[in-house]
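Here's a quick briefing to read alongside the model.

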Amino acid sequence: MALLQISEPGLAPAPHQRKLAVGIDLGTTNSLVATVRSGGAETLADSEGNHLLPSVVAYKDNDQLLIGELARLGASDDPLNTLTSIKRLMGRSQQDLNLAHLPYEFGEADSGMVKIRTRRGEVSPVEVSAELLKALVARGEQSLGGELLGAVITVPAYFDDAQRQATKDAAKLAGINVLRLLNEPTAAAVAYGLDQGSQGTVAVYDLGGGTFDVSILKLTRGVFEVLSTGGDSALGGDDFDAAIGDWIVAQSALATTLTPQQKCQLAMISRDAKEALSEQDVVTIEFAGWSGQLDRQQLNVLIDPLIEKTLKAGKRALRDAKLNAVDIDHVVLVGGSTRTPRVVEKVAGLFASKPLATLDPDRIVAIGAAIQADMLAGNKPDEDILLLDVIPLSLGIETMGGLSEKLINRNTTLPVAMAQEFTTYKDGQTAMVIHVVQGERELVEDCRSLARFELQGIPPMVAGAARIKVTFQVDADGLLSVSAREESTGVESSIEVKPSYGLSDGEIASMLEQSYQSASVDRDARALREQQVAADSLLQALAAALLADGEVLLSEQEQKTLLAKMEQLQRVRDTAGVSEITASIDVLGRDSEDFAARRMDASINKALAGKRLDELDSESK
Amino acid sequence: MSAIEFNQDFFSLFQLPESYDVDGDQLHCRYRELIREVHPDRFAAATDSERRVAVQYATRINEAFETLKSPVSRAHYLLSLKGIVINPQHTIGNDPAFLMHQISLREQLLELKEHAQPELQLDKLTGELEQLIEHQCAAFKNSYAKDDFEQAKLEVAKMQFLFKLEEDVEQVEAEILDY
């Protein structure tokens, strides 16, 4: 028996009115934007016909900004102001990074996110990524001929909370409505899943320019369940290049301190050599007056230790999924670095199966993201795909002695929440600090510190009497939020966890302000317009919901009350300013939550009505 | 039409009988049906309040699924439905034989790394542990079915011992195989 189709509340577009949404693969080396048009998903080209946008931003004289290929071409002439592989710096502080290979000058080292000194002043990786995102969205709007409803942006599955938050901040700064942060391997599986209608267990091996992921997924009638994920968010083709570069320096017996120009040149030469060796057996290299040959065998010696690291992560992912290599039905290769023959050979060996390679490894992630964006925009009410991602790294809190106590284990399906009770250890204690970390190791210092947040206003009591319940919620995007409540008195304080190296809302606001000034856009008018649109869509959604289910699910009085509140918002929307509209939207949103919950219950009941367990059971066979 | 209330117990939510025996396929299948309806992705274009509700519901369904899937937390949960709460200090009671066996298994685990063929030894230990766990789950099931909750409490505590040991074995396995 097929599932009954229930249209989503507020998500029933008029026929033929297609909502524009794109999928964005924000890569270390290259980025892409894709969309679903006339049934098929495709990547979008710029006016020159190029699909790949090199992930390079150059800050030139006279406030000129170059993005993509133009920026990349000038990289070795102006390395300090041409920013490449910026994804590797997202959500990272200076202490986290090995900066030796990077030709940039950095701002003062502190615990915050790394800043790069350019002729435009200090810029953060979030700002640089926002420039790339803006260029991709502009390309999308130009080729689709309209404003976008939103975008699905992909991130490595192994990205931690700080890296995900930084990506979302970049989107916010670029003015993009993020429909979902989607894990790259999941996106790849979606692209293959739809093309081939495949069922079974899939291993996705994704080796990009600067990040590596491996995920094991189970596909069952449109549900993509991630069973396990592993990887290294700082390992990729760039490291292959660096290994080649080190070899060249050693061979040529050059001085070890290279100028920024030379570093940049060396990286390019190394990359060209690596790419050439995918096609041929030997390549001639010239660098700074030195000339020599690199053959494939030597290349393999250089990169095998790096590939070995990826294979170990693959084995661990299998083990976490409680599977053996023979249980894997398909292997999918993603990322430009899987063009290296040695990688393919080794991966095929690990999973004892020939990898699928019918889709372009550079484009597959963007294609999958576009399919998901199209679904989330509500363009495909008949298709039933659901992507269930997991949290890639365990989440814990610091306890006595600098140990991490795990609250949520890695590979738990999202969304997930966990509550923990704390108490005071001194008489009259009114505040406490909770330190949230992410990682598998036992010592806090070996894990990644996500945030310290202070819980204030605990009523003074004797030590051990307070009961403070802290709830850690990780949403479908893998982003953490924390709320706390003192249970014995019911004082609630809700705290959004701000990673110490993330951007505060104030910082985002001031960056937005700057960008509006330089673009001379009337920011107030734009903000007002945005809030009016938000009010309109809430009112429309509620009106549709009332029409559909109001009579059945609400009493006459409840309907009247809700209608009156809607009229109130309508009045505010038509007459008041930004902050009042925002506040009213919030109020109506909360007031209609109970109605939303009743509708959710009803829609589940409808979907499952008449569907007995033996039927569910027989479908699974 | 029977209403699905989200504050009902996990077994009712999954339309399963309240029992230690759970059909894994049935559980998984029902999970997919439920999560399909409430996952926040189904509400990407909906109002904020609907999205908040969806996150809460999906979180609860994930929690229910995890609880019913795991042999230990399922046992804990069954007892909690009978009003029996097991605190972490709860012991396995007076059972020196069980404790001695545990100590011997722990010793084997400690000596593993020095062993000439650690992988073979690991397989042996893993095999033995799996059997013990199976046996222990059966023991719980038995006591629970007979409404002997005091005995069931002791069996859960033993089960916990074994699963903790299994976790530690996996940790050592990771070190030996160098993942």
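Let's start with a helix pair in chain B: Q108(B), L109(B) and L112(B) in α5(B) meet P118(B), Q121(B), L122(B) and L125(B) in α6(B). Contact here calls for C-beta atoms, placed from the backbone, within 7 Å of each other. By class, that contact has 5 nonpolar, 2 polar and no charged residues. Ala, Val, Leu, Ile, Met, Phe, Trp, Tyr, Cys and Pro count as nonpolar, Asp, Glu, Lys and Arg as charged, and the others, Gly among them, as polar.

This is a predicted model, where local features need pLDDT of at least 70 and side-chain atom pairs count only at pLDDT 80 or more, while totals for chains, interfaces and linings use all residues. Residues are numbered from 1 along each chain as its sequence is written, and chains are lettered from A and ligands numbered from 1 in the order in which they are written.

**Confidence**

- Overall, the model comes with ipTM 0.85 and pTM 0.82.
- Chain A has a mean pLDDT (the predictor's confidence in each residue, from 0 to 100) of 84, with 86% of its residues at 70 or more.
- Chain B averages 86, and 92% of the residues score at least 70.
- Within chain B, confidence is lowest in α5(B), with a mean of 86, and highest in helix α4 (residues 71-81), at 94.

**Helix packing in chain B**

- Back to the opening pair: α5 (residues 96-112) and α6 (residues 118-145) of chain B pack at about 160°, their axes 10 Å apart. Helices (H or I, at least four residues) and strands (E, at least two) are DSSP runs, numbered from the N terminus. Axes are lines fitted to C-alpha atoms, for helices over the stretch in contact, and angles run from 0 to 180 degrees between N-to-C directions.
- α5(B) and α6(B) are therefore roughly antiparallel. The cut-offs are under 35 degrees for roughly parallel, over 145 for roughly antiparallel, 65 to 115 for roughly perpendicular, and oblique for the rest.
- Their crossing is left-handed. That label applies if the near helix is turned anticlockwise from the far one by less than a right angle, and right-handed if clockwise.

**Helix packing in chain A**

- Helix α5 (residues 237-252) of chain A packs on α7 (residues 296-320) of chain A at about 145°, with axes 9 Å apart.
- α5(A) passes α7(A) in a right-handed crossing.
- On the α5(A) side the contact uses D239(A), F240(A), A243(A), I244(A) and W247(A), and on the α7(A) side L302(A), I303(A) and L306(A).
- That makes 7 nonpolar, no polar and 1 charged residues for α5(A) with α7(A).
- α5(A) also packs on α6 (residues 260-279) of chain A, at about 110° and with axes 8 Å apart, which makes α5(A) roughly perpendicular to α6(A).
- Residues in this contact include F240(A) and I244(A) of α5(A), and L266(A) and R271(A) of α6(A).
- The contact of α5(A) with α6(A) divides into 6 nonpolar, 2 polar and 3 charged residues.

**Sheets in chain A**

- One open, mixed sheet has 5 strands in the order β18-β13-β14-β15-β19, where pairing takes at least two DSSP bridges between two strands.
- Its edge strands are β18 (330-334) and β19 (386-388), each pairing on one side only, and the twist averages 25° from one strand to the next.
- β14 (residues 212-220) and β15 (residues 223-232) of chain A run antiparallel, joined by 9 bridges; K218(A) has E225(A) in β15(A) as its bridge partner.
- From the other chain, helix α2 (residues 24-38) of chain B lies across β14, β15 and β19 of chain A, at about 105° to β19(A).
- A second open sheet has 4 strands, ordered β21-β20-β23-β24, with antiparallel pairing.
- β21 and β24 (448-455) of chain A are at its edges with a single partner strand each, so one side of each has no neighbour in the sheet.
- β20 (residues 395-399) of chain A pairs with β21(A) over 5 bridges, and G396(A) has K406(A) in β21(A) as its bridge partner.

- The peptide bond from L414(A) to P415(A) is cis, with omega near -5°, and P415(A) sits in the loop between β21 (403-408) and β22 (416-422) of chain A.
- D63(A) has a positive phi of about 60° although it is not a glycine; D63(A) is in the loop between β5 (57-59) and β6 (65-67) of chain A.

Notes. Contact = placed C-beta atoms within 7 Å.
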